[in-house]
Amino acid sequence: INAEYMGIQTSEMVNLFIVFGIATIVSAALPPGFEFGASTSALQIEGAWIADGKSLTVWDNIAHLGITPDNSTSDIADNSYYQYQEDISLMKQYGMKNYRMSIAWARIVPYGTKGSRVNMKAIEHYRKQFQELLQAGITPYVTLYHGDLPINLVLLGDGFTDADFVDDFTYYADVSFKYFGDLVKYWFTFNEPWCMCVLGDFTPENEATKPYQIAHNVLLAHASSVKLYREKYQKDQKGKIGWVLNAGQHYPKDESKPEDVEAALRGMAFDLDWFADPIFKGEYPERMKAILGDRLPKFSEEQKNMLIGSADFFGLNHYSSSLAEPERTSKENNFKKNYWEDRNVKGSNRPEWNVTDMDWAIVPEGFHDLLVYIHNKWTKAAKMEIYVCENGAAIKELNISAGIKDHKRVDFLQKYIEQLGRAIIDGVNVTKYFVWSLLDNYEWGNGVSKRFGIIRVEYGDRPVRIPKSSIKWLSALINDNQSEMSFTLLQ
């Protein structure tokens, strides 16, 4: 029985497979109460790029420079600013109980800065959306920042490295908690700070230090916002707050070579520990300190105290894994000082690993191993839940017919969720899983050419939504009542 067949089956057939213990349904081997959902972000789906008082973002500007292979922009995207009720209706139809979305800083505080005007049209819009989600039985999980920096912060200041960035972001967070906290009980400050720090536009003059300065400011903005929420809102609103880190699992290319083992550990340090260690220890990773020296900023004692414990859960985005070896030998000293040279990791794939339409390797066991890594390094001692906030695959869809029969995506999700189940059995406290993404969307520099959605989008002035096999498969998994039996069978 293969995954292609599974992609179109009903809940009744899923139950039959569970009863017979078929391996295809090991993906349902999750404990009772485990929660599923889907994720999106404002810039990638909302459109309405200058509607109702919204200001421009850095990405609005970049998108209009013609950088995408299909010359698309995020001006309309999925038009969810106007069509979010259709999205809610589809989530309700397919049994989605949790929806992770972001709100747009440039809509809510258009000027972007501390003390500047709040756009009440945006407040009214998002309150209405949150109310309709709750009325549909769907819990909103809200990200404050997901790649859409108000352009004023770059035009009038230094963006992420500006001395006022922490105060500007904390003000925006305060406004959001104030106006939405009665409806929103799960908050994420930043999505994927690694991308914010590493994938920017650097120059030879600043590339040796700027990524680390950005990370420092973003960490402090996160901690400042969490401190504000806990002191001013959490007791009454009874919500939780954290942020979302992205990571792959690095394996030594040759486990018998110490330099490859060290390259894998260094990759983990520069990709994930960079942002997790300060939250749990108040310090950057020792490997980074040893390599970077004075180029790595230092936290004051007050800042350390603010950082430690500044998350109620561990948010994780995971897509792929890789093999690691040094990019250069330790004897080579003539190299530029920048993030990639500091990291000094050359990634590659095993020949047997398939890849997605993003050319990212499909390595389900890497998901298990990464969850165990996080558990052993941080969350076990902290008794902290892990929320998987994004996991999914871009699959090439040549036409509508091929797109809605996305059996390769079903196979991907099945195998990755199997490994999540293995991690739980191994003691990892994962309690939530959000697929990326609810909808095909504007995928940054790739425009709309890469499709991650479990719902297909036919783009136009009013984009059309078409459910794929993957949302039907997930619906069967979500709505199945046999998870306790399945979990026991797998144990």
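A charge sits over a ring if NZ of Lys or CZ of Arg is within 6 Å of the ring centre and within 35 degrees of the ring normal. Keep that in mind for a moment, and keep in mind too that what you are looking at is a predicted model. Now find K432: its charged end sits over the ring of Y387, 5.2 Å from the ring centre. A second example involves R100, which lies over the face of F188, with 5.2 Å to the ring centre.

Let's stay with the rings. A pair of aromatic rings is described by the distance of the centres and the angle of the planes. This structure has 47 aromatic pairs. Take Y81 and Y82: their ring centres are 5.2 Å apart and their planes stand at 90°, so this is an edge-to-face pair. Are these two tyrosines buried or exposed? Y81 has a relative accessibility of 4% and counts as buried, while Y82 is partly exposed, at 46%.

Another edge-to-face pair is W105 with F169, at 5.5 Å centre to centre and 75° between the planes. W105 belongs to helix 6 (residues 105–108) and F169 to helix 9 (residues 165–180), so the pair ties together parts that are 64 residues apart in sequence. Both W105 and F169 are buried.

Helix 9 itself is worth a look. With its 16 residues, it reaches 22 Å from its first C-alpha to its last, close to the 22 Å expected at 1.5 Å a residue. Of those 16 residues, 13 are buried, so helix 9 is largely enclosed by the rest of the structure.

Next, the inside. In soluble globular proteins, nonpolar side chains tend to be buried together. Here the largest nonpolar core has 119 residues, and I103 and W274 are the ones with the most contacts inside it. Which helix gives the most to this core? That is helix 11 (residues 210–232), with 11 residues. Apart from this core lies another, of 8 residues, including Y141, Y186, V244 and C389.

W274 makes a handy landmark. Leaving aside neighbours within four places in sequence, W274 is in contact with W194, C197, V198, P211, Y212, A215, L219, A269, Y284, P285, M288 and Y339. W274 is also part of one aromatic cluster, together with W194, Y212, W243, F270, F275, Y339 and W340.

From there, move to R266, which sits in helix 13 (residues 258–281). R266 has a relative accessible area of 9%, so it counts as buried. What does R266 touch, leaving aside its neighbours within four places in sequence? Its contacts are R287, I291, P326, D342, R343, N344 and V345. For one of these, N344, the C-alpha atom is 8.0 Å from that of R266, although the two are 78 residues apart along the chain.

Helix 17 (residues 364–382) is next. Its 19 residues reach 26 Å from first C-alpha to last, close to the 27 Å expected at 1.5 Å a residue. Where does helix 17 bend? The bend is at H375, and it is about 55°. An α-helix has 3.6 residues a turn, so residues three or four places apart point the same way. With that in mind, look at the buried residues of helix 17: P364, G366, F367, H368, L370, L371, Y373, I374, H375, W378 and T379.

Most residues other than glycine have a negative phi, and most peptide bonds are trans. K383, which follows helix 17, has a positive phi, near 55°. K238 has a positive phi too, near 55°, and is not a glycine. You'll find K238 in the loop between helix 12 (234–237) and strand 5 (240–246), where it is exposed, with a relative accessible area of 63%.

W444 is likewise not a glycine, yet its phi is positive, about 50°. W444 lies in the loop between strand 11 and strand 12, and with a relative accessible area of 18% it is buried. That loop, between strand 11 (430–436) and strand 12 (455–458), is also the place of S437. The peptide bond from W436 to S437 is cis, with omega near 10°.

Conventions
Residues numbered from 1 in each chain as written. Predicted model: local features only at pLDDT ≥ 70, side-chain atom pairs only at ≥ 80, totals over all residues. Heavy atoms only, no water. Phe/Tyr/Trp six-rings, centres within 6.5 Å; stacked < 30°, edge-to-face > 60°. Buried < 20%, exposed > 50% of the residue type's maximum accessible area, 1.4 Å probe, protein only. Helix = DSSP H or I, 4+ residues; strand = E, 2+ residues; numbered from the N terminus. Expected span 1.5 Å × (residues − 1). Bend = angle between axes of the 7 residues up to and from the residue. Core = buried A, V, L, I, M, F, W, Y, C linked by side-chain atoms within 4.5 Å. Contact = heavy atoms within 4.5 Å.
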